[in-house]
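User: Could you walk me through reading some local features of a protein model? I would like the general idea each time, and then the case at hand.

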Amino acid sequence: MKRSILCIFMAAVILVCCAPSAGAFSISGVSAKAAVLIDAQTGTIISGKNQYDRLPMASTTKIMSALLLLESGDLDKEFRVDNDAILVEGSSMGLCPDDVVTKRSLCYGMLLPSGNDAANETAVLLAGSGSKFADMMNKRAEKLGMRDTHFVTPSGLHDDDHYSTAYDMAILTREALKNETFREICGTTKAKLRFGNPPYERWLVNTNKLLSLYDGCIGVKTGFTDEAGRCLVSAAERDGVTLICVTLNDPNDWNDHIKMYNYGFSQTKSVDPSFDFSELCVNVAGGDKDKVRIIPAEIPKYTSINGSMPEATYETSVEKFIYAPVSKGKKAGIVRYYSDGVLIGTSDLVAAEECSAVIKEYKPGLDDKIVNWIKSILKKK
């Protein structure tokens, strides 16, 4: 009897000790078929569920389409749409035949109301056809290391050969957020644009409700098809840390992203690296000093995950010399910052002190003396 009571007591102790604490998070409880949460600074996975499984990703595809369009430049030049390209099923930004539009407006059209017309127009504009644009998308994906992704359409309309993974879409988003224009557009809840024929003003509204549901959310893109289910790629910032969350085929995506962010931010912290730049200097030509001390214009904070400080390193590239006069802030090189071997940013190296130019007194050399002697003889003659 005593032995039975002891066994029951020990079992109860084990259950209490092993039970998750109140508010604890388990990504296995997320409704998504696949999900991932990463640190945007390095791409490090904080939590994941089937994150490498190939699945359709619906209109989150437009993250790639918009990025390629933004990188093509000349964003505000007006042009007339291709009337065949804009005839497409599904969500639309409202393009009509012969409309006059800009690349910037197309990006808003893709990232806010998820316009398939804007995506198709992008494909024709940049590559001449959807298939050629898909080649562009796949080449860029390969460069980004998206090993389990294959694009077929610019919009994300279903095709059996059009797929990605939660992890690959997170890596794509990490790259896209480095583009300031992309970052601005995808974080906009609504925008007033002017396009049409003749152009007139109209409002586009973002389908990403997480922008208003979660404090600190900065984007990114929703998606849905019958085959893909609800797909959501988002990013959020808090106390210097940026996280990216992706869920594929998730009927409860808004709540799941909130849960994952609450967990992620509880496990991360923005920390200062212990760098010493006191001995860094650059040679000066023609100055009252041979060298001046230089410092980084910026030093990024690093993301600590689960209390572990990443390996923070840097490498510098300094000019052989700079000419005097030197004012504070004059560029003298660049510094690259790494976290666990991953490049996380660059910054200018600038002068930390001033240096005046020295005007040396001219002293004629032997050649000058010979020339002057000949001139004096000629004058006498």
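Analyst: Happy to. Let's start with burial: Ser 114 has a relative accessible area of 6%, so it is buried (under 20%; over 50% is exposed and in between is partly exposed, with a 1.4 Å probe and protein chains only). Ser 114 sits in the loop between helix 3 (103-111) and helix 4 (116-127); helices (H or I, at least four residues) and strands (E, at least two) are DSSP runs numbered from the N terminus. Please keep in mind that this is a predicted model, where local features need pLDDT of at least 70, side-chain atom pairs count only at pLDDT 80 or more, and totals for chains, interfaces and linings use all residues. Residues are numbered from 1 along each chain as its sequence is written, and side-chain values use heavy atoms, with hydrogens and water left out.

User: What is the phi of Ser 114?

Analyst: Most residues other than glycine have a negative phi, and most peptide bonds are trans. Ser 114, though not a glycine, has a positive phi of about 65°. Asn 249 also has a positive phi, about 55°, without being a glycine. Asn 249 lies in the loop between strand 9 (241-248) and helix 9 (253-266), and its relative accessible area of 29% makes it partly exposed.

User: How many aromatic pairs does the structure hold?

Analyst: Rings of Phe, Tyr and Trp (its six-membered ring) pair if their centres lie within 6.5 Å; planes under 30 degrees apart are stacked, over 60 edge-to-face, and the rest tilted. The structure holds nine aromatic pairs. In one of them, the rings of Tyr 52 and Tyr 167 have centres 5.4 Å apart and planes at 65°, so this pair is edge-to-face. Tyr 52 is in the loop between strand 2 (45-49) and helix 2 (62-71) and Tyr 167 in helix 6 (residues 166-176), so the pair ties together parts 115 residues apart in sequence. Phe 275 and Tyr 314 also pair edge-to-face, at 4.9 Å centre to centre and 70° between the planes.

User: Which residues do ring pairs link into a cluster?

Analyst: Phe 275, Phe 277, Tyr 302, Tyr 314 and Tyr 337 are linked that way.
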